[in-house]
Amino acid sequence: MAYSDKVIDHYSNPKNVGTLDKASKSVGTGLVGAPECGDVMRLQIQVDEATGIITDAKFKTFGCGSAIASSSLATEWLKGKSVDEAVKIDNMDLVEELNLPPVKIHCSVLAEDAIKSAINDYRKKNGLDELVFEERIH
Amino acid sequence: MLKLPIYLDHNATTPMDPRVLEAMIPYFTENFGNAASRNHSFGWHAEEAVDYAREQVAKLIGADPKEIIFTSGATEGDNLAIKGVYEMYASKGNHIITCTTEHKAVLDTCKHLEKLGAEVTYLEVQPDGLVDLKALEAAMRPTTILVAIMYANNEIGVVQPVKEIGEIAKKHGALFFTDGVQAVGKIPVDVIADGIDIMAFTAHKMYGPKGVGALYVRRKNPRVKVTAQMDGGGHERGMRSGTLNVPGIVGFGKAAEIARTDMAADTERISKLRDKLENALKQIDESYVNGNPAHRLPHVSNISFKYVEGEGLMMGFNKDIALSSGSACTSASLEPSYVLKALGLGDDLAHSSLRFGLGRYTTEEQIDFTIKAVTDTVLKLREMSPLWEMFKEGVDIDAIQWAHH
(Lines give C-alpha, C1' and ligand atoms only; values in the text may rest on other atoms or scores of the structure.)
Protein backbone atom coordinates (compact mmCIF):
# COMPACT_ATOMS: atom_id res chain seq x y z
CA MET A 1 0.00 0.00 0.00
CA ALA A 2 1.32 3.44 -0.80
CA TYR A 3 1.47 5.91 2.03
CA SER A 4 0.68 9.58 1.65
CA ASP A 5 3.58 12.02 1.85
CA LYS A 6 2.24 13.35 5.14
CA VAL A 7 2.23 9.89 6.72
CA ILE A 8 5.77 9.32 5.48
CA ASP A 9 6.85 12.69 6.85
CA HIS A 10 5.42 12.02 10.32
CA TYR A 11 6.87 8.52 10.30
CA SER A 12 10.33 9.74 9.27
CA ASN A 13 10.31 12.83 11.51
CA PRO A 14 7.82 12.12 14.25
CA LYS A 15 6.88 15.11 16.37
CA ASN A 16 6.83 14.96 20.16
CA VAL A 17 8.04 11.44 20.81
CA GLY A 18 8.65 11.04 24.49
CA THR A 19 7.41 10.60 28.00
CA LEU A 20 5.92 13.01 30.55
CA ASP A 21 5.80 12.26 34.27
CA LYS A 22 2.64 10.22 34.55
CA ALA A 23 2.58 10.72 38.34
CA SER A 24 2.28 14.48 37.96
CA LYS A 25 -1.12 15.97 38.66
CA SER A 26 -0.87 18.20 35.62
CA VAL A 27 -0.21 15.32 33.25
CA GLY A 28 -2.93 13.18 31.69
CA THR A 29 -1.98 9.82 30.18
CA GLY A 30 -3.98 7.75 27.71
CA LEU A 31 -2.87 4.21 26.85
CA VAL A 32 -5.05 2.56 24.22
CA GLY A 33 -4.95 -0.36 21.81
CA ALA A 34 -3.50 -3.79 22.46
CA PRO A 35 -0.31 -5.59 21.43
CA GLU A 36 -2.43 -8.42 20.02
CA CYS A 37 -4.10 -6.00 17.64
CA GLY A 38 -0.78 -4.68 16.41
CA ASP A 39 -1.11 -1.18 17.77
CA VAL A 40 -0.68 0.46 21.15
CA MET A 41 -0.64 4.24 21.60
CA ARG A 42 0.36 6.18 24.65
CA LEU A 43 -0.49 9.85 24.48
CA GLN A 44 0.23 12.32 27.27
CA ILE A 45 -0.78 15.93 27.83
CA GLN A 46 0.69 18.50 30.17
CA VAL A 47 -1.96 21.00 31.25
CA ASP A 48 -1.47 24.44 32.72
CA GLU A 49 -3.80 24.18 35.68
CA ALA A 50 -4.51 27.92 35.81
CA THR A 51 -5.53 28.34 32.16
CA GLY A 52 -6.58 24.81 31.17
CA ILE A 53 -4.28 25.06 28.15
CA ILE A 54 -2.29 22.06 26.98
CA THR A 55 1.31 23.23 27.09
CA ASP A 56 2.96 20.02 25.99
CA ALA A 57 2.00 16.69 24.46
CA LYS A 58 4.05 13.53 23.94
CA PHE A 59 3.43 10.15 22.43
CA LYS A 60 4.88 6.71 21.99
CA THR A 61 3.28 4.30 19.57
CA PHE A 62 3.73 0.64 18.69
CA GLY A 63 2.11 0.22 15.33
CA CYS A 64 2.19 0.78 11.62
CA GLY A 65 3.20 4.01 9.90
CA SER A 66 -0.35 5.33 9.92
CA ALA A 67 -0.68 4.76 13.66
CA ILE A 68 2.61 6.55 14.29
CA ALA A 69 1.58 9.43 12.01
CA SER A 70 -1.88 9.72 13.61
CA SER A 71 -0.43 10.02 17.09
CA SER A 72 2.35 12.37 15.98
CA LEU A 73 -0.17 14.68 14.31
CA ALA A 74 -2.50 14.47 17.32
CA THR A 75 0.24 15.73 19.65
CA GLU A 76 0.90 18.64 17.30
CA TRP A 77 -2.76 19.59 17.29
CA LEU A 78 -3.09 19.26 21.06
CA LYS A 79 -0.38 21.73 21.93
CA GLY A 80 -1.83 25.17 22.62
CA LYS A 81 -5.42 23.97 22.72
CA SER A 82 -7.54 24.11 25.84
CA VAL A 83 -8.65 20.78 27.25
CA ASP A 84 -12.21 21.61 26.23
CA GLU A 85 -11.15 22.23 22.64
CA ALA A 86 -9.00 19.10 22.59
CA VAL A 87 -12.02 16.92 23.38
CA LYS A 88 -13.49 17.97 20.06
CA ILE A 89 -10.66 16.58 17.91
CA ASP A 90 -12.34 14.10 15.61
CA ASN A 91 -10.67 11.10 14.06
CA MET A 92 -11.99 12.08 10.64
CA ASP A 93 -9.95 15.28 10.82
CA LEU A 94 -6.84 13.12 11.21
CA VAL A 95 -7.98 10.90 8.33
CA GLU A 96 -8.40 13.91 6.10
CA GLU A 97 -5.14 15.60 7.05
CA LEU A 98 -3.11 12.40 6.62
CA ASN A 99 -5.10 11.09 3.68
CA LEU A 100 -5.54 7.69 5.34
CA PRO A 101 -7.09 4.90 3.27
CA PRO A 102 -10.18 3.10 4.68
CA VAL A 103 -8.16 0.19 6.01
CA LYS A 104 -6.20 2.62 8.21
CA ILE A 105 -9.10 4.54 9.69
CA HIS A 106 -8.79 2.50 12.88
CA CYS A 107 -5.42 4.20 13.47
CA SER A 108 -7.12 7.59 13.63
CA VAL A 109 -9.88 6.22 15.89
CA LEU A 110 -7.20 4.95 18.21
CA ALA A 111 -5.57 8.39 18.30
CA GLU A 112 -8.90 10.02 19.13
CA ASP A 113 -9.44 7.47 21.89
CA ALA A 114 -5.96 8.19 23.22
CA ILE A 115 -6.70 11.92 23.40
CA LYS A 116 -9.97 11.33 25.25
CA SER A 117 -8.38 8.82 27.57
CA ALA A 118 -5.56 11.27 28.40
CA ILE A 119 -8.08 14.04 29.08
CA ASN A 120 -10.10 11.82 31.39
CA ASP A 121 -6.98 10.77 33.24
CA TYR A 122 -6.17 14.43 33.77
CA ARG A 123 -9.75 15.18 34.91
CA LYS A 124 -9.75 12.28 37.33
CA LYS A 125 -6.49 13.39 38.89
CA ASN A 126 -7.92 16.85 39.38
CA GLY A 127 -11.18 15.75 40.97
CA LEU A 128 -13.33 16.32 37.89
CA ASP A 129 -15.89 13.86 36.58
CA GLU A 130 -14.72 11.72 33.70
CA LEU A 131 -16.39 12.55 30.43
CA VAL A 132 -18.54 9.87 28.93
CA PHE A 133 -18.03 9.23 25.25
CA GLU A 134 -20.30 7.15 23.13
CA GLU A 135 -19.00 3.67 22.37
CA ARG A 136 -17.66 3.31 18.92
CA ILE A 137 -17.03 0.34 16.81
CA HIS A 138 -13.43 0.05 15.75
CA MET B 1 27.47 0.28 -6.91
CA LEU B 2 24.52 -0.94 -4.88
CA LYS B 3 21.35 -0.83 -6.93
CA LEU B 4 18.12 -0.16 -5.06
CA PRO B 5 15.57 -1.48 -4.30
CA ILE B 6 16.87 -4.80 -3.04
CA TYR B 7 14.61 -7.81 -3.53
CA LEU B 8 14.44 -10.14 -0.51
CA ASP B 9 11.05 -11.71 -1.08
CA HIS B 10 12.04 -14.80 -3.04
CA ASN B 11 9.43 -16.94 -1.28
CA ALA B 12 6.78 -14.85 -3.02
CA THR B 13 8.30 -15.12 -6.45
CA THR B 14 11.70 -15.08 -8.15
CA PRO B 15 12.97 -13.07 -11.09
CA MET B 16 13.30 -15.11 -14.25
CA ASP B 17 16.79 -16.32 -15.06
CA PRO B 18 17.86 -14.76 -18.40
CA ARG B 19 18.82 -18.26 -19.62
CA VAL B 20 15.20 -19.28 -19.10
CA LEU B 21 13.85 -16.34 -21.05
CA GLU B 22 16.22 -17.08 -23.89
CA ALA B 23 14.96 -20.67 -24.12
CA MET B 24 11.34 -19.52 -24.17
CA ILE B 25 11.43 -16.82 -26.82
CA PRO B 26 11.25 -18.95 -29.98
CA TYR B 27 8.13 -20.67 -28.65
CA PHE B 28 6.15 -17.44 -28.70
CA THR B 29 6.82 -16.68 -32.35
CA GLU B 30 8.22 -19.16 -34.87
CA ASN B 31 7.54 -22.33 -32.82
CA PHE B 32 4.04 -21.38 -31.83
CA GLY B 33 2.39 -24.74 -32.50
CA ASN B 34 -0.18 -26.51 -30.37
CA ALA B 35 1.46 -29.52 -28.74
CA ALA B 36 -1.76 -31.45 -29.33
CA SER B 37 -1.70 -30.93 -33.13
CA ARG B 38 -0.70 -34.38 -34.29
CA ASN B 39 -0.69 -33.93 -38.04
CA HIS B 40 1.79 -31.18 -38.86
CA SER B 41 5.28 -30.05 -38.03
CA PHE B 42 4.17 -27.05 -35.97
CA GLY B 43 2.49 -29.42 -33.55
CA TRP B 44 5.37 -31.90 -33.64
CA HIS B 45 7.90 -29.19 -32.74
CA ALA B 46 5.78 -28.03 -29.86
CA GLU B 47 5.27 -31.57 -28.60
CA GLU B 48 8.99 -32.26 -28.81
CA ALA B 49 9.74 -29.15 -26.79
CA VAL B 50 7.17 -30.12 -24.16
CA ASP B 51 8.56 -33.66 -23.95
CA TYR B 52 12.05 -32.32 -23.44
CA ALA B 53 10.85 -29.95 -20.70
CA ARG B 54 8.96 -32.82 -19.09
CA GLU B 55 12.24 -34.73 -18.87
CA GLN B 56 14.04 -31.73 -17.40
CA VAL B 57 11.35 -31.20 -14.77
CA ALA B 58 11.11 -34.92 -13.95
CA LYS B 59 14.86 -35.20 -13.52
CA LEU B 60 14.90 -32.45 -10.90
CA ILE B 61 12.70 -34.53 -8.59
CA GLY B 62 13.82 -38.03 -9.56
CA ALA B 63 10.56 -38.85 -11.37
CA ASP B 64 9.68 -40.46 -14.66
CA PRO B 65 8.65 -37.88 -17.30
CA LYS B 66 5.29 -39.65 -17.66
CA GLU B 67 4.57 -38.77 -14.05
CA ILE B 68 4.61 -35.03 -14.71
CA ILE B 69 1.27 -33.28 -15.29
CA PHE B 70 1.67 -29.67 -16.37
CA THR B 71 -0.65 -27.18 -14.67
CA SER B 72 -1.07 -23.43 -14.41
CA GLY B 73 0.74 -23.34 -11.08
CA ALA B 74 0.78 -24.79 -7.61
CA THR B 75 -2.63 -23.53 -6.54
CA GLU B 76 -4.12 -25.55 -9.37
CA GLY B 77 -1.84 -28.45 -8.47
CA ASP B 78 -2.94 -28.38 -4.82
CA ASN B 79 -6.60 -28.29 -5.86
CA LEU B 80 -6.23 -31.02 -8.45
CA ALA B 81 -4.31 -33.31 -6.10
CA ILE B 82 -6.59 -33.02 -3.08
CA LYS B 83 -9.95 -32.79 -4.82
CA GLY B 84 -8.83 -35.33 -7.41
CA VAL B 85 -7.82 -37.88 -4.77
CA TYR B 86 -10.98 -37.22 -2.76
CA GLU B 87 -13.12 -38.03 -5.78
CA MET B 88 -11.02 -40.88 -7.15
CA TYR B 89 -10.71 -42.70 -3.83
CA ALA B 90 -14.18 -41.97 -2.47
CA SER B 91 -14.98 -45.67 -2.16
CA LYS B 92 -11.96 -46.13 0.10
CA GLY B 93 -12.65 -43.40 2.59
CA ASN B 94 -13.21 -39.70 3.16
CA HIS B 95 -10.59 -38.73 5.72
CA ILE B 96 -7.76 -36.31 4.94
CA ILE B 97 -4.96 -35.26 7.28
CA THR B 98 -3.20 -31.94 6.82
CA CYS B 99 -1.63 -29.38 9.14
CA THR B 100 -2.39 -25.86 10.29
CA THR B 101 0.62 -24.21 8.64
CA GLU B 102 -0.22 -25.29 5.10
CA HIS B 103 -0.68 -22.80 2.31
CA LYS B 104 -4.21 -21.47 1.84
CA ALA B 105 -4.47 -23.38 -1.43
CA VAL B 106 -4.35 -26.58 0.63
CA LEU B 107 -6.31 -25.41 3.68
CA ASP B 108 -9.13 -23.83 1.72
CA THR B 109 -9.36 -26.83 -0.60
CA CYS B 110 -9.74 -29.05 2.47
CA LYS B 111 -12.39 -26.73 3.89
CA HIS B 112 -14.23 -26.91 0.59
CA LEU B 113 -14.19 -30.71 0.70
CA GLU B 114 -15.46 -30.69 4.28
CA LYS B 115 -18.63 -29.08 2.96
CA LEU B 116 -18.94 -31.97 0.52
CA GLY B 117 -18.62 -34.60 3.24
CA ALA B 118 -14.88 -35.00 3.79
CA GLU B 119 -13.52 -35.39 7.29
CA VAL B 120 -10.33 -33.40 7.72
CA THR B 121 -7.83 -33.46 10.57
CA TYR B 122 -5.75 -30.30 10.87
CA LEU B 123 -2.65 -31.31 12.82
CA GLU B 124 -1.13 -28.68 15.07
CA VAL B 125 2.58 -28.17 14.52
CA GLN B 126 5.21 -28.08 17.25
CA PRO B 127 6.65 -24.73 18.40
CA ASP B 128 9.52 -25.18 15.91
CA GLY B 129 7.05 -25.55 13.03
CA LEU B 130 7.53 -29.27 12.47
CA VAL B 131 4.73 -31.82 12.37
CA ASP B 132 4.68 -34.21 15.33
CA LEU B 133 5.02 -37.67 13.77
CA LYS B 134 3.38 -39.35 16.75
CA ALA B 135 0.38 -37.09 16.38
CA LEU B 136 0.23 -37.94 12.68
CA GLU B 137 0.38 -41.65 13.44
CA ALA B 138 -2.38 -41.24 16.02
CA ALA B 139 -4.57 -39.35 13.56
CA MET B 140 -4.50 -42.09 10.92
CA ARG B 141 -7.80 -43.92 10.49
CA PRO B 142 -8.91 -46.83 8.31
CA THR B 143 -10.77 -44.24 6.22
CA THR B 144 -7.73 -41.99 5.74
CA ILE B 145 -7.12 -41.64 2.02
CA LEU B 146 -4.67 -38.74 1.96
CA VAL B 147 -1.98 -37.11 4.06
CA ALA B 148 -1.31 -33.59 2.75
CA ILE B 149 1.74 -32.03 4.41
CA MET B 150 3.91 -29.42 2.73
CA TYR B 151 7.57 -30.06 2.02
CA ALA B 152 8.78 -26.68 3.28
CA ASN B 153 6.87 -23.78 4.73
CA ASN B 154 6.58 -20.53 2.80
CA GLU B 155 6.70 -18.21 5.80
CA ILE B 156 9.32 -19.72 8.08
CA GLY B 157 11.10 -22.10 5.71
CA VAL B 158 11.00 -25.17 7.96
CA VAL B 159 11.40 -28.45 6.10
CA GLN B 160 9.04 -31.18 7.27
CA PRO B 161 10.23 -34.77 7.83
CA VAL B 162 8.67 -35.83 4.53
CA LYS B 163 10.31 -39.24 4.39
CA GLU B 164 8.89 -40.24 7.77
CA ILE B 165 5.51 -38.75 6.87
CA GLY B 166 5.48 -40.75 3.64
CA GLU B 167 6.29 -43.94 5.53
CA ILE B 168 3.46 -43.40 8.00
CA ALA B 169 0.99 -42.72 5.19
CA LYS B 170 2.11 -45.82 3.30
CA LYS B 171 1.91 -48.02 6.39
CA HIS B 172 -1.74 -47.05 6.79
CA GLY B 173 -2.60 -47.35 3.12
CA ALA B 174 -3.05 -43.63 2.53
CA LEU B 175 -1.51 -41.53 -0.23
CA PHE B 176 1.03 -38.84 0.60
CA PHE B 177 0.64 -35.50 -1.15
CA THR B 178 3.11 -32.69 -0.56
CA ASP B 179 3.07 -29.05 -1.64
CA GLY B 180 6.66 -28.78 -2.82
CA VAL B 181 6.51 -25.18 -4.00
CA GLN B 182 9.17 -23.75 -1.70
CA ALA B 183 11.44 -26.79 -1.65
CA VAL B 184 11.72 -27.99 -5.25
CA GLY B 185 14.67 -26.36 -6.97
CA LYS B 186 16.07 -25.11 -3.66
CA ILE B 187 16.94 -28.33 -1.84
CA PRO B 188 17.29 -31.90 -3.15
CA VAL B 189 13.84 -33.44 -3.55
CA ASP B 190 13.54 -37.06 -4.68
CA VAL B 191 10.05 -38.47 -4.95
CA ILE B 192 11.28 -42.06 -4.65
CA ALA B 193 13.55 -41.58 -1.65
CA ASP B 194 11.04 -39.27 0.00
CA GLY B 195 8.11 -41.63 -0.57
CA ILE B 196 5.96 -38.95 -2.19
CA ASP B 197 2.88 -40.03 -4.14
CA ILE B 198 1.74 -36.65 -5.44
CA MET B 199 3.52 -33.30 -5.38
CA ALA B 200 2.60 -29.83 -6.61
CA PHE B 201 5.28 -27.31 -7.53
CA THR B 202 5.67 -24.26 -9.72
CA ALA B 203 8.13 -22.59 -12.07
CA HIS B 204 8.08 -19.03 -10.78
CA LYS B 205 9.60 -19.93 -7.41
CA MET B 206 12.68 -21.34 -9.17
CA TYR B 207 13.54 -18.53 -11.59
CA GLY B 208 11.07 -19.69 -14.21
CA PRO B 209 7.97 -17.99 -15.61
CA LYS B 210 4.70 -17.41 -13.77
CA GLY B 211 1.58 -19.29 -14.83
CA VAL B 212 3.09 -22.75 -15.19
CA GLY B 213 3.48 -25.52 -12.67
CA ALA B 214 3.50 -29.27 -12.40
CA LEU B 215 1.84 -32.03 -10.49
CA TYR B 216 3.88 -35.15 -9.95
CA VAL B 217 1.55 -38.17 -9.94
CA ARG B 218 3.19 -41.50 -9.13
CA ARG B 219 2.71 -44.26 -11.72
CA LYS B 220 3.84 -47.32 -9.81
CA ASN B 221 4.00 -48.59 -6.22
CA PRO B 222 1.26 -47.48 -6.11
CA ARG B 223 -0.21 -46.26 -9.36
CA VAL B 224 -2.01 -43.07 -8.42
CA LYS B 225 -4.84 -41.41 -10.28
CA VAL B 226 -6.62 -38.16 -9.65
CA THR B 227 -10.00 -37.18 -11.02
CA ALA B 228 -9.67 -34.29 -13.46
CA GLN B 229 -11.12 -31.02 -12.21
CA MET B 230 -11.60 -29.49 -15.66
CA ASP B 231 -13.38 -31.20 -18.51
CA GLY B 232 -12.01 -30.90 -22.01
CA GLY B 233 -9.66 -32.48 -24.50
CA GLY B 234 -8.15 -35.00 -22.10
CA HIS B 235 -4.62 -33.63 -22.17
CA GLU B 236 -1.98 -34.74 -19.68
CA ARG B 237 -3.11 -38.35 -19.41
CA GLY B 238 -6.67 -37.22 -18.91
CA MET B 239 -5.91 -35.51 -15.65
CA ARG B 240 -5.63 -31.92 -16.84
CA SER B 241 -7.33 -30.73 -19.99
CA GLY B 242 -6.34 -27.51 -21.70
CA THR B 243 -3.91 -26.52 -24.44
CA LEU B 244 -0.42 -26.65 -23.03
CA ASN B 245 1.40 -23.41 -22.29
CA VAL B 246 4.33 -24.38 -24.50
CA PRO B 247 6.63 -21.37 -23.92
CA GLY B 248 5.93 -21.51 -20.20
CA ILE B 249 6.64 -25.23 -20.07
CA VAL B 250 9.88 -24.77 -22.04
CA GLY B 251 10.91 -22.11 -19.54
CA PHE B 252 9.94 -24.33 -16.62
CA GLY B 253 12.11 -27.11 -18.06
CA LYS B 254 15.09 -24.82 -18.43
CA ALA B 255 14.59 -23.41 -14.93
CA ALA B 256 14.45 -26.95 -13.53
CA GLU B 257 17.65 -27.91 -15.35
CA ILE B 258 19.49 -24.84 -14.03
CA ALA B 259 18.15 -25.44 -10.52
CA ARG B 260 19.55 -28.97 -10.65
CA THR B 261 22.97 -28.08 -12.01
CA ASP B 262 23.45 -24.93 -9.91
CA MET B 263 21.79 -26.06 -6.68
CA ALA B 264 24.87 -27.00 -4.71
CA ALA B 265 26.75 -23.81 -5.57
CA ASP B 266 23.70 -21.59 -5.10
CA THR B 267 22.90 -23.14 -1.74
CA GLU B 268 26.40 -22.77 -0.44
CA ARG B 269 26.59 -19.10 -1.38
CA ILE B 270 23.06 -18.12 -0.37
CA SER B 271 23.05 -19.95 2.95
CA LYS B 272 26.24 -18.12 3.94
CA LEU B 273 24.55 -14.80 3.23
CA ARG B 274 21.42 -15.88 5.09
CA ASP B 275 23.49 -16.89 8.11
CA LYS B 276 25.36 -13.60 8.02
CA LEU B 277 22.08 -11.68 7.96
CA GLU B 278 20.51 -13.78 10.68
CA ASN B 279 23.52 -13.72 12.99
CA ALA B 280 23.74 -9.94 12.70
CA LEU B 281 20.04 -9.38 13.35
CA LYS B 282 20.06 -11.80 16.28
CA GLN B 283 22.43 -9.35 17.97
CA ILE B 284 19.49 -7.00 18.42
CA ASP B 285 17.94 -7.40 21.89
CA GLU B 286 14.67 -9.30 22.04
CA SER B 287 14.85 -10.67 18.51
CA TYR B 288 13.74 -14.22 17.89
CA VAL B 289 14.26 -16.53 14.92
CA ASN B 290 11.06 -18.39 14.06
CA GLY B 291 11.10 -22.03 13.00
CA ASN B 292 13.50 -24.91 13.53
CA PRO B 293 16.94 -23.63 12.43
CA ALA B 294 18.31 -27.12 11.76
CA HIS B 295 15.48 -28.17 9.43
CA ARG B 296 15.10 -25.13 7.27
CA LEU B 297 15.47 -23.94 3.69
CA PRO B 298 18.90 -22.39 3.14
CA HIS B 299 17.62 -19.04 1.87
CA VAL B 300 14.91 -18.15 4.37
CA SER B 301 14.98 -16.41 7.72
CA ASN B 302 11.95 -15.30 9.69
CA ILE B 303 12.69 -13.07 12.67
CA SER B 304 10.45 -11.35 15.20
CA PHE B 305 11.64 -8.08 16.68
CA LYS B 306 9.64 -7.79 19.87
CA TYR B 307 8.00 -4.45 20.74
CA VAL B 308 8.02 -3.11 17.18
CA GLU B 309 5.25 -3.71 14.71
CA GLY B 310 6.15 -5.39 11.42
CA GLU B 311 4.48 -3.03 9.00
CA GLY B 312 5.77 0.02 10.82
CA LEU B 313 9.18 -1.61 10.69
CA MET B 314 9.03 -2.27 6.97
CA MET B 315 8.02 1.30 6.33
CA GLY B 316 11.45 2.33 7.57
CA PHE B 317 13.13 0.77 4.57
CA ASN B 318 10.55 -0.46 2.11
CA LYS B 319 11.52 1.99 -0.57
CA ASP B 320 14.95 0.32 -0.56
CA ILE B 321 14.26 -3.27 0.50
CA ALA B 322 11.38 -5.49 -0.58
CA LEU B 323 10.42 -8.12 1.92
CA SER B 324 7.41 -9.49 3.71
CA SER B 325 5.97 -9.18 7.19
CA GLY B 326 3.76 -11.52 9.18
CA SER B 327 2.02 -8.50 10.54
CA ALA B 328 -1.66 -7.90 10.24
CA CYS B 329 -1.66 -4.52 8.70
CA THR B 330 -0.19 -5.69 5.42
CA SER B 331 -3.49 -7.36 4.68
CA ALA B 332 -6.94 -5.93 5.10
CA SER B 333 -7.85 -8.67 7.56
CA LEU B 334 -5.88 -7.22 10.51
CA GLU B 335 -5.10 -10.80 11.51
CA PRO B 336 -1.43 -11.58 11.97
CA SER B 337 0.16 -14.56 10.24
CA TYR B 338 -1.71 -17.79 11.01
CA VAL B 339 1.52 -19.70 10.45
CA LEU B 340 3.34 -17.84 13.21
CA LYS B 341 0.33 -18.14 15.48
CA ALA B 342 0.29 -21.89 14.82
CA LEU B 343 3.81 -22.05 16.27
CA GLY B 344 2.33 -20.75 19.48
CA LEU B 345 3.76 -17.27 19.09
CA GLY B 346 1.77 -14.58 20.84
CA ASP B 347 0.08 -12.09 18.57
CA ASP B 348 2.67 -9.51 19.63
CA LEU B 349 5.54 -11.58 18.23
CA ALA B 350 3.52 -12.54 15.17
CA HIS B 351 2.90 -8.85 14.51
CA SER B 352 6.61 -8.12 14.87
CA SER B 353 8.00 -10.50 12.29
CA LEU B 354 9.88 -10.05 9.04
CA ARG B 355 10.48 -12.73 6.44
CA PHE B 356 13.76 -12.54 4.55
CA GLY B 357 13.86 -14.62 1.38
CA LEU B 358 17.24 -14.54 -0.35
CA GLY B 359 17.88 -15.67 -3.88
CA ARG B 360 20.23 -16.44 -6.73
CA TYR B 361 21.10 -12.80 -7.33
CA THR B 362 21.38 -11.64 -3.71
CA THR B 363 24.79 -10.10 -3.01
CA GLU B 364 26.78 -9.57 0.15
CA GLU B 365 26.57 -5.83 -0.40
CA GLN B 366 22.77 -6.08 -0.36
CA ILE B 367 22.87 -8.09 2.87
CA ASP B 368 25.18 -5.57 4.53
CA PHE B 369 22.82 -2.77 3.53
CA THR B 370 19.85 -4.74 4.85
CA ILE B 371 21.48 -5.51 8.19
CA LYS B 372 22.13 -1.83 8.76
CA ALA B 373 18.72 -0.62 7.58
CA VAL B 374 16.78 -3.14 9.65
CA THR B 375 18.89 -2.64 12.77
CA ASP B 376 18.63 1.15 12.58
CA THR B 377 14.86 1.03 12.08
CA VAL B 378 14.25 -1.43 14.91
CA LEU B 379 16.26 0.76 17.29
CA LYS B 380 14.52 3.91 16.11
CA LEU B 381 11.03 2.43 16.46
CA ARG B 382 11.79 1.03 19.88
CA GLU B 383 12.58 4.54 21.06
CA MET B 384 9.06 5.33 19.89
CA SER B 385 7.44 2.19 21.33
CA PRO B 386 5.50 2.40 24.61
CA LEU B 387 5.86 -1.37 24.95
CA TRP B 388 9.63 -1.20 24.74
CA GLU B 389 9.64 1.49 27.45
CA MET B 390 7.46 -0.68 29.68
CA PHE B 391 9.67 -3.68 29.04
CA LYS B 392 12.74 -1.67 29.99
CA GLU B 393 10.99 -0.50 33.17
CA GLY B 394 10.18 -4.08 34.05
CA VAL B 395 6.41 -3.75 33.55
CA ASP B 396 4.73 -7.08 32.83
CA ILE B 397 3.00 -6.26 29.54
CA ASP B 398 1.02 -9.50 29.55
CA ALA B 399 -0.52 -8.56 32.91
CA ILE B 400 -2.02 -5.33 31.56
CA GLN B 401 -5.72 -5.39 30.76
CA TRP B 402 -5.68 -4.20 27.17
CA ALA B 403 -8.83 -2.92 25.59
CA HIS B 404 -9.22 -5.21 22.58
CA HIS B 405 -10.82 -3.75 19.55
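The model is predicted.

**Exercise 1. Find the buried residues of helix α1 (residues 5-12) of chain A, and state what covers them.**

Solution. 
- Step 1: Val7(A), His10(A) and Tyr11(A) are the buried residues of α1(A).
- Step 2: These residues span an arc of only 100 degrees around the axis, so they lie on the same side of α1(A).
- Step 3: Recall the helix repeat. An α-helix has 3.6 residues a turn, so residues three or four places apart point the same way.
- Step 4: The cover includes α2 (65-78) and α4 (91-98) of chain A. It also includes α8 (310-315) of chain B.

**Exercise 2. Describe the fold of chain B: what are its helix and strand counts, and how compact is it?**

Solution. 
- Step 1: Chain B contains 12 helices and 13 strands.
- Step 2: Its radius of gyration is 22 Å, close to the 22 Å of the globule rule for 405 residues, so chain B is as compact as a globular protein of that length.
- Step 3: The C-alpha trace of chain B spans about 75 × 55 × 35 Å along its principal axes.
- Step 4: Of the 405 residues, 52% count as buried.
- Step 5: Among contacts in chain B with a separation of 6 or more, 73% join residues 24 or more positions apart.

**Exercise 3. Work out how α7 (residues 246-282) and α11 (residues 364-383) of chain B pack.**

Solution. 
- Step 1: The two axes come within 10 Å and cross at roughly 20 degrees.
- Step 2: Angles under 35 degrees count as roughly parallel. Therefore α7(B) and α11(B) are roughly parallel to each other.
- Step 3: The crossing of α7(B) past α11(B) is right-handed.
- Step 4: Contact residues of α7(B) include Leu273(B), Leu277(B) and Leu281(B). Those of α11(B) include Ile367(B), Ile371(B) and Val374(B).

Key
Residues are numbered from 1 along each chain as its sequence is written. Chains are lettered from A and ligands numbered from 1 in the order in which they are written. This is a predicted model: local features need pLDDT of at least 70, side-chain atom pairs count only at pLDDT 80 or more; totals for chains, interfaces and linings use all residues. A residue is buried if 20 or more other C-beta atoms lie within 10 Å of its own, exposed if 12 or fewer, and partly exposed in between; C-beta atoms are placed from the backbone. Helices (H or I, at least four residues) and strands (E, at least two) are DSSP runs, numbered from the N terminus. The arc is that of the directions from the helix axis to the C-beta atoms. Two residues are in contact if their C-beta atoms, placed from the backbone, lie within 7 Å. The radius of gyration is taken over C-alpha atoms; the globule rule is 2.2 Å times the number of residues to the power 0.38. Axes are lines fitted to C-alpha atoms, for helices over the stretch in contact, and angles run from 0 to 180 degrees between N-to-C directions. Angles under 35 degrees count as roughly parallel, over 145 as roughly antiparallel, 65 to 115 as roughly perpendicular and the rest as oblique. A crossing is left-handed if the near helix is turned anticlockwise from the far one by less than a right angle, and right-handed if clockwise.
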